[in-house]
Amino acid sequence: IADDPFDPSLEDIKAAAQREIAFITHSVLGIHGAFEKLSQTFLRDTALQSRLEQMGYSGPSSDAAANLLLDRAFAVNNEGVVLASMFSEAHLRNNVQRASEPVVPAVPRFFDDLTHAA
């Protein structure tokens, strides 16, 4: 299933199942422009930038957006498989590192806040 942080479909399916389900998710960085939308939002909103830095997402807005989307994908599908396309060795190293770290529970809540604020 395509994983769009601004579309509740994945959560709706989980709720309907009434049990843990393992998904294979894809397009965690690219569905409906989520990456671009987040990158631009982070550039414009200094309060949001500050919140991201407190959560450990610093650096260029594009890096913060990519890492946040990937961490969210791992958090909301922690029983399943997250597919991610990588076009460079640096992206591969970064994504493997993020996958090996514990799930960050605050990340899905961050997206819930963003969705409800929109």
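Of the 14 residues in the largest nonpolar core, the ones that touch the most other members are Leu38, Phe42, Leu68, Phe110 and Phe111. A nonpolar core here is a set of buried Ala, Val, Leu, Ile, Met, Phe, Trp, Tyr and Cys residues joined through side-chain atoms within 4.5 Å. At least two residues of this core come from each of helix 2, helix 3, helix 4 (61–76) and helix 6 (106–117). Helices (H or I, at least four residues) and strands (E, at least two) are DSSP runs, numbered from the N terminus.

Before going further, a word on the model. It is a predicted one, where local features need pLDDT of at least 70 and side-chain atom pairs count only at pLDDT 80 or more, while totals for chains, interfaces and linings use all residues. Residues are numbered from 1 along each chain as its sequence is written, and side-chain values use heavy atoms, with hydrogens and water left out.

**The aromatic residues**

Let us stay with Phe110 for a moment. Not counting residues up to four places away in sequence, Phe110 touches Phe42, Leu48, Arg51, Leu52, Met55 and Leu68; contact means heavy atoms within 4.5 Å. Both Phe110 and Phe111 are buried, a word used for under 20% relative accessible area, with exposed meaning over 50% and partly exposed in between (1.4 Å probe, protein chains only).

How many aromatic pairs does a search of the whole structure find? The search finds two. Phe110 and Phe111 have ring centres 5.9 Å apart and planes at 85°, so this pair is edge-to-face. Rings of Phe, Tyr and Trp (its six-membered ring) pair if their centres lie within 6.5 Å; planes under 30 degrees apart count as stacked, over 60 as edge-to-face and the rest as tilted. Together with Phe6, Phe110 and Phe111 form one aromatic cluster.

**Where helix 2 meets helix 3**

Helix 2 (residues 34–44) packs against helix 3 (residues 46–55) at an angle of about 105°, and their axes are 5 Å apart. That makes helix 2 roughly perpendicular to helix 3. Axes are lines fitted to C-alpha atoms, for helices over the stretch in contact, and angles run from 0 to 180 degrees between N-to-C directions. Angles under 35 degrees count as roughly parallel, over 145 as roughly antiparallel, 65 to 115 as roughly perpendicular and the rest as oblique.

Helix 2 makes this contact through Thr41, Phe42, Leu43 and Arg44, and helix 3 through Thr46, Leu48, Gln49 and Leu52. The residues of the contact divide into four nonpolar, three polar and one charged. In this sorting, Ala, Val, Leu, Ile, Met, Phe, Trp, Tyr, Cys and Pro count as nonpolar, Asp, Glu, Lys and Arg as charged, and the others, Gly among them, as polar.

Ser39 sits in helix 2, while Ser61 is found in helix 4. Leaving out residues up to four places away in sequence, Ser39 touches Ser61, Ser62 and Ala65, and Ser61 touches Ser39, Phe42 and Leu43. Ser61 and Phe42 are 19 residues apart in sequence, and their C-alpha atoms are 6.0 Å apart in space.

Arg98 belongs to helix 5 (residues 89–100). Which residues is Arg98 in contact with, leaving aside its neighbours within four places in sequence? They are Tyr57, Asn67, Leu70, Asp71 and Phe74. From Arg98 to Leu68 the separation is 30 residues in sequence and 9.9 Å in space, C-alpha to C-alpha.

Leu92 is also found in helix 5. The C-alpha atoms of Leu92 and Ser50 are separated by 27 Å, and the two residues are 42 residues apart along the chain.

**Loops and accessibility**

Most residues other than glycine have a negative phi. Gln18 has a positive value, with phi near 60°, and so does Ser27, with phi near 60°. Gln18 lies in the loop between helix 1 (9–17) and strand 1 (24–25), and Ser27 in the loop between strand 1 and helix 2.

Here is how accessible several of these residues are:

| Residue | Relative accessible area | Class |
|---|---|---|
| Ser39 | 7% | buried |
| Arg98 | 15% | buried |
| Ser61 | 17% | buried |
| Ser27 | 28% | partly exposed |
| Leu92 | 42% | partly exposed |
| Gln18 | 73% | exposed |
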